[in-house]
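Let's take a walk through this structure together. We'll look at the charged pairs to begin with, and then at the open spaces.

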Amino acid sequence: MLIVGDVLVSDELIEKCFCCDLAVCKGACCIEGDAGAPVKPEEVSDLSEHYPIFKKYMTEEGISVVETAGDPFVFNGAGEFETPLVPSNKACAFVCYENGMAMCAIEKAFLKGEIPFRKLISCELYPIRASRVGKYIALNYHHWDICRCARTKGDELKLPAYQFLKAPLIRAFGEDWYEELLSLLAH
């Protein structure tokens, strides 16, 4: 494990390879699972403010779920925010479909230049799961069977997870933090 500032970086993020392979998985992470994606408290206002913009890309069922709740986020049992799920298929309420592939309506709006953020940081950082451990933020590598193709592609490309996730790691912790990580890895 590495300590970079106030962040604990698991060895698996350095040693394991990963590269999303949407052609194979078809965006399964947006439609699988038993809980919504974690939403940081500081992302709640961004979601609420930009919801009218990315709403047009969502499914009717996703819109209904969000608007019934009254906000584009929900509290989970632990009192934290997460994205709501569509009851009929457990897909994230923010999912949209294009050419048989699930994708994020938030990201679609971003790619069209309509909003200033790509998607929730928890989604962008995946397969990293961040948690608080005392004064530290712990970054751990999450193993999910539906991402087997991403691990295979990462292995083929010899692309470590921390390199694949460079942009979201910089978004979450800053350029200086990422440079410090690289510096520690060089020694």
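**Salt bridges and pockets**

A search of the whole structure, which is a predicted model, turns up nine salt bridges. Let's pick out some of them.

Start with Lys55 and Glu67, whose side chains meet in a salt bridge at 2.8 Å, N to O. Lys55 sits in the loop between α3 (41-54) and α4 (60-69), while Glu67 belongs to helix α4, so this pair ties together parts that are 12 residues apart in sequence. How open are the two partners? Lys55 has 28% relative accessibility and counts as partly exposed, and Glu67, at 42%, counts as partly exposed too.

Lys56 counts as exposed, because its relative accessibility is 53% and the cut-off for exposed is over 50%. Glu114 is partly exposed at 27%.

Now find Lys108 and Glu98, where the closest N and O atoms of the salt bridge are 2.6 Å apart. Lys108 lies in helix α5 and Glu98 in strand β6 (residues 95-98), 10 residues away. Is Lys108 buried or exposed? Its relative accessible area is 17%, so Lys108 is buried, whereas Glu98 is partly exposed at 33%. There's also a network: Glu43, Glu124 and Arg171 are joined by salt bridges that share partners.

The largest pocket has a volume of about 1000 Å³. Its lining takes in 47 residues, and Cys29, Cys30, Lys119, Cys123 and Tyr126 lie nearest the centre. Among the elements giving two or more residues to that lining are α2 (22-25), α5 (105-111) and α7 (148-157), but the largest share, four residues, comes from β7. By class, the lining has 32 nonpolar, six polar and nine charged residues.

The second largest pocket holds about 630 Å³ of space. Of its 23 lining residues, Pro38, Val39, Lys40, Ala130 and Ser131 are the closest to its centre. Which element supplies the largest share of this lining? That's β8, with five residues. Elements including β3 (38-39), β5 (81-82) and β9 (136-141) supply at least two each. Sorted by class, the lining comes to 14 nonpolar, four polar and five charged residues.

Conventions: Residues numbered from 1 in each chain as written. Predicted model: local features only at pLDDT ≥ 70, side-chain atom pairs only at ≥ 80, totals over all residues. Heavy atoms only, no water. 1 Å grid on protein atoms, 1.4 Å probe; cavity = no way out; pocket = protein on both sides within 12 Å on 5 of 7 lines; lining within 4 Å. Points joined across faces, edges and corners; volume = space filled by probe spheres on them. Nonpolar A, V, L, I, M, F, W, Y, C, P; charged D, E, K, R; others polar. Salt bridge = Lys/Arg side-chain N within 4 Å of Asp/Glu carboxyl O. Buried < 20%, exposed > 50% of the residue type's maximum accessible area, 1.4 Å probe, protein only.
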